[in-house]
Amino acid sequence: MERTLTLLSLIVMTTAAHGQTLDNTNAVPPVGYNAVINSSTYAPPGNPGPMQTWNFANLTTTASNTVNHVTPASTGYISSFPSATVATSDPSGVFGFFQYTSQGGYLLGYHSTAANVTIPYQNSEQIMKFPCSFNTTWTDNFSSSFTTSGIPASRSGTSTGIADGYGTLVMPYGTVSNVLRVKFTQDYSDDLGAFGVLEYDAETYQWWKPGTGVYLLVVSTLDVVSNGVPSTQQFTSWLNGGPVGLGEGDDPSIGIDLFPNPAAGRTTLRF
């Protein structure tokens, strides 16, 4: 059997099987998944709670970037992140390293090619708890010691998460039902020694659909204090609603094939 699929149709197919509970079988990005992320002007996140309708139909794309999900070994920096199960790569030359288990998702650190700096987390940061459903919560401390431009530096902080709502998400490409919203906050600082301390306070709302592997929508606010001077940045980004692209990978053992691979305008699922 063959079917031509877009992101929206993939979302619909996974609804009955998974509902609104995220776990390490339906909320982990597969290696080879090339996610096109659109940026937009800031939009308020809306209300928490059950049976919500969040309307973001009027989002417009101001920029787009592709985030590639690759094997950690392919980055050349696996020695700093030996327990990573997947890595992300974006056009700015930043690699993110992650570990996913049945207990949740964990950020292990970053490498920036442009800045020539590696930031391994000696105490990883939990970014998702599995299983995750409405009212699931978690709190985690994280820390890192690293060197940037020859300067010893350290990072420490606390992150918290709560699945604070579920309902329907209205996007420019259509309406998605049975979506889970996760509120994620971070309070951390970078101590750069004689160059001062950077303090960060981030609040992020993520809308998830089991089966997509990455978030559908993110609305975030970042407050930064640098040498006593505060600044605020706000972002909205969302997974492109066009056809899903998958990079080349091994043939799956469960009788499913996706082609052409990678996809441009459309793709076909044979099962």
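In this predicted model, the side chains of Lys 183 and Glu 203 meet in a salt bridge, with a distance of 3.6 Å from N to O. Lys 183 belongs to strand E11 and Glu 203 to strand E12 (residues 197-208), so this pair ties together parts that are 20 residues apart in sequence. Lys 183 is partly exposed, its relative accessible area being 25%. Glu 203 is likewise partly exposed, with a value of 30%.

A search of the whole structure finds 3 salt bridges. In general, side chains of opposite charge can pair when their charged atoms come close. The table lists the pairs.

| Salt bridge | N to O distance |
|---|---|
| Lys 183 and Glu 203 | 3.6 Å |
| Asp 164 and Arg 181 | 2.9 Å |
| Arg 155 and Asp 190 | 2.7 Å |

Consider next the salt bridge between the side chains of Asp 164 and Arg 181. This pair links distant parts of the chain, 17 residues apart, since Asp 164 is in strand E10 and Arg 181 in strand E11. Asp 164 is buried, because its relative accessible area of 10% falls under the 20% limit for that class. Arg 181 is also buried, with a relative accessible area of 1%.

The remaining pair to describe is Arg 155 and Asp 190, whose side chains meet at 2.7 Å, N to O.

Conventions
Residues numbered from 1 in each chain as written. Predicted model: local features only at pLDDT ≥ 70, side-chain atom pairs only at ≥ 80, totals over all residues. Heavy atoms only, no water. Salt bridge = Lys/Arg side-chain N within 4 Å of Asp/Glu carboxyl O. Helix = DSSP H or I, 4+ residues; strand = E, 2+ residues; numbered from the N terminus. Buried < 20%, exposed > 50% of the residue type's maximum accessible area, 1.4 Å probe, protein only.
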